[in-house]
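Please walk through this chain with the structure open beside the text.

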Amino acid sequence: MLYYLFEFLEDNYQIPGAGLFQFITFRAALAVLTSLLIATVYGKKIILFLQKKQIGETVRDLGLDGQKQKAGTPTMGGLIIILATLIPVLLFAKLDNIYVILLIVTTIWMGIIGFVDDYIKIFKKDKEGLKGRFKILGQVVLGLIVGATLYFHPEVTMKERSQSVITTAYTLEKVAGAEVKSVRTTVPFFKNNELDYTSFIGWMGDGAKEYAWLIFIPVVIIIVTAVSNGANLTDGIDGLAAGSSAIIVLTLGIFTWISGNIIFSNYLDIMFIPRAGELVVFVAAFVGALVGFLWYNAFPAQVFMGDTGSLTIGGVIAVIAIIIRKELLIPVLCGIFFAESISVMLQVGYFKYTKKKFGEGKRVFLMAPLHHHYQKKGYHESKIVTRFWIVGILLAVITVVTLKVR
């Protein structure tokens, strides 16, 4: 909103300093400061409101140390993250940017699914919350919307690399790359680090490009569903999901800034995505919201994010990665989410297999997800969280290094 006000003042009245507001970095700085302020100052008021309405966590007895003390801690704290993200975005971002619109839709969509899940758990006293099939359906529909928009919307393009050509007069001439519709993405660690989804249907002949959506959209659906559920599983002990997500989003912010800057993307030889630079404002607000929320969610937690927060975080991370064509980096960057998800799948799969074969189910871990395994081994949850953060930082560094290691 303020962007358009300052643009109007600059264009019509030449007010000194008004043009500065159009710079992405300046608006990103304002966004992160505003989101931090909202999350820390007004976050406390939201926590007190949740306490007053007795919107507290119902804790199942899993035999973990310190678990019973968490009963009654306010949940649905994801509302803090959502509000602290959306308000600065609405104030400082260009709201006609297709990527910003997609992320606003993702935030609200996943926030509603998570809110309904938390509402059922708390007010309907149903510990299972929203049925799994409805959660998955919501994630699939969001993936369908995101995938279809990114594939069909005319403003979703990428710029081809500039090339030097020899003219008929035998002189070198620089030909600027054109903006084109494409479903190429980044593949880490390879020399020619780009993958075109149309290559999977190349056997269909020259007209295959028209059907690339048959590959691209299902991939988007799988990524959105997997990452949002991974974030949801990671939200099990104080500060783990919020801190790990802040590291991931900050890293994606670096990629976003580079991908949206024609000079740096050209220098680092990565895809330049026109209009993606505006996402830096959203990412900055999201990082500020996560850090501000972590102020109250760090051990001992004064509030839990609930599914309202964890599903939203996962959905937003997935969509940002897909927009900037870095979705194949997710297994590395989101390694914590990945490990938590794999631990649950291994635990459930091995238990069912051994029960069917031997009549008695056996377990790979003492408890899944993975962070509970370490709790069972006697590690204090603050130590587990800190070590997971360290691993997350290392994974983030490895992810950034993929810009040049090929």
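What follows is a short tour of the chain, then of some of its helices and their contacts.

Keep in mind that this is a predicted model. The chain holds 14 helices and 6 strands. It has 406 residues, and 49% of them are buried. Now take the contacts between residues at least 6 apart in sequence. Of these, 71% join residues at least 24 apart.

Start with helix 3, which covers residues 78-92. It has 15 residues. From first C-alpha to last it reaches 22 Å, close to the 21 Å expected at 1.5 Å a residue. Which residues of helix 3 are buried? They are G78, I80, I81, I82, A84, T85, L86, P88, V89 and F92.

Next, look at how helices pack. Helix 7 spans residues 240-259, and helix 10 spans residues 306-323. An angle under 35 degrees counts as roughly parallel, so helix 7 and helix 10 are roughly parallel to each other. Their crossing is left-handed. On the helix 7 side, the contact uses S245, I248, V249, L252 and T256. Helix 10 meets them with I313, I317, I320 and A321. By type, the residues of this contact are 7 nonpolar and 2 polar, with no charged ones. The spacing of such positions has a simple background. An α-helix has 3.6 residues a turn, so residues three or four places apart point the same way.

A second pair is arranged at another angle. Helix 6 (residues 213-234) packs against helix 12 (residues 335-358) at about 80°, with the axes 8 Å apart. Angles of 65 to 115 degrees count as roughly perpendicular, and helix 6 and helix 12 are therefore roughly perpendicular to each other. From helix 6 come V227, G230, A231, L233 and T234. From helix 12 come I336, F337, E340, S341 and V344. This contact divides into 6 nonpolar, 3 polar and 1 charged residue.

Stay on helix 12 for the last stop, L346. Is L346 buried, exposed or partly exposed? Its relative accessibility is 43%, so L346 counts as partly exposed. Buried would need under 20%, and exposed over 50%. Leaving aside neighbours within four places in sequence, L346 is in contact with V364 and F365. R363 is 17 residues from L346 in sequence. In space, the C-alpha atoms of L346 and R363 are 8.6 Å apart.

Key:
Residues numbered from 1 in each chain as written. Predicted model: local features only at pLDDT ≥ 70, side-chain atom pairs only at ≥ 80, totals over all residues. Heavy atoms only, no water. Helix = DSSP H or I, 4+ residues; strand = E, 2+ residues; numbered from the N terminus. Expected span 1.5 Å × (residues − 1). Buried < 20%, exposed > 50% of the residue type's maximum accessible area, 1.4 Å probe, protein only. Axes fitted to C-alpha atoms, helices over the stretch in contact; angles between N-to-C directions. Parallel < 35°, antiparallel > 145°, perpendicular 65-115°, else oblique. Left-handed = near helix turned anticlockwise from the far one by under 90°. Contact = heavy atoms within 4.5 Å. Nonpolar A, V, L, I, M, F, W, Y, C, P; charged D, E, K, R; others polar.
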